[in-house]
Amino acid sequence: MRLPILAHTGPRQWAAFVVVAAVVFALPLIFADPFFILVLQSLAYLFIATLGLDILVGWTGQISLGHAGLYAVGAYTSALLATRLGLPFWLSAPVGVVLAGLCGALLALPSLRAKGPYLAMVTVAFGFMAEVTANRWSLTGGPMGIMAIPGPRLPGARR
Amino acid sequence: MGTVPGIKAFAAAIFGGLENPIGILIGGLVIGLLEQLFGIINSNLKEGITFLVILLILALRPTGLMGKKEIEKV
């Protein structure tokens, strides 16, 4: 199966991907400003979330207003596993992906039959639930969030 | 401003079924009561569980509790 985002990609689009990836990779090395790195990181993270939204909205035409809820599930899972259990990034991130996927599959059950405004309500309800839970639950740190998440480590790389 | 009350009003309308004004009235009443009842147990739970109930109801009745039943043409 070809991914929707890759359906119309020719050599020029691939070149553009490579250039953008190279710029995102190289800019923090040139401008070592913490705020600038934070902005670039947010860009990269939000691109991942938008990729999922592109497959759902662009390819199947279903509306999703609670997509940030799934983003939150994956991010919080990975962050909690890294800070509470001390798992390395290369283990906590895939577990976050799997859990976000499971939540998406669970959310798909009511979404499958609902349509139009009812489908919008299902997705809004999930997004709202994720937001309220993250803000109120002591495990997720409330509005403060989770601090000091260890970064990924490569074998042999100096930190 | 007013996002959360707006979402709750939308939830009440969906809960009762969009084509049915009486259903929307009952939906608003049920959602308000549910929220306060869960608030008695634990005030942190009240909004999250209310929306969980709406999700469950939409899973069972895709057009709300009193919405028109559409015959699904496959």
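Q: In chain A, what share of the contacts between residues at least 6 apart in sequence join residues at least 24 apart?
A: A quick word on ground rules: this is a predicted model, where local features need pLDDT of at least 70, side-chain atom pairs count only at pLDDT 80 or more, and totals for chains, interfaces and linings use all residues. Residues are numbered from 1 along each chain as its sequence is written, while chains are lettered from A and ligands numbered from 1 in the order in which they are written. Two residues are in contact if their C-beta atoms, placed from the backbone, lie within 7 Å. Counted that way, the share for chain A is 57%.

Q: What order do the elements of chain A follow from the N terminus on?
A: Helices (H or I, at least four residues) and strands (E, at least two) are DSSP runs, numbered from the N terminus. Chain A has five helices and zero strands. Its elements therefore run α-α-α-α-α.

Q: Which helices of chain A do the buried residues of H3(A) pack against?
A: Helix H3 of chain A covers residues 67–84. A residue is buried if 20 or more other C-beta atoms lie within 10 Å of its own, exposed if 12 or fewer, and partly exposed in between, with C-beta atoms placed from the backbone. The buried set in H3(A) includes A:Gly69, A:Leu70, A:Tyr71 and A:Tyr76. Their packing partners in chain A are helix H2 (34–60), helix H4 (89–113) and H5.

Q: Why does B:Ile54 count as buried?
A: Over in chain B, B:Ile54 lies in helix H3 (residues 46–60). B:Ile54 is buried because its count of other C-beta atoms within 10 Å is 27.

Q: Which residues is B:Ile54 in contact with, leaving aside its neighbours within four places in sequence?
A: Some partners sit in chain B, namely B:Ala11 and B:Phe15.

Q: What percentage of the residues of chain B count as buried?
A: Chain B comes to three helices and zero strands. It has 74 residues, and the buried part is 28%.

Conventions:
The expected span of a helix is 1.5 Å times one less than its number of residues.
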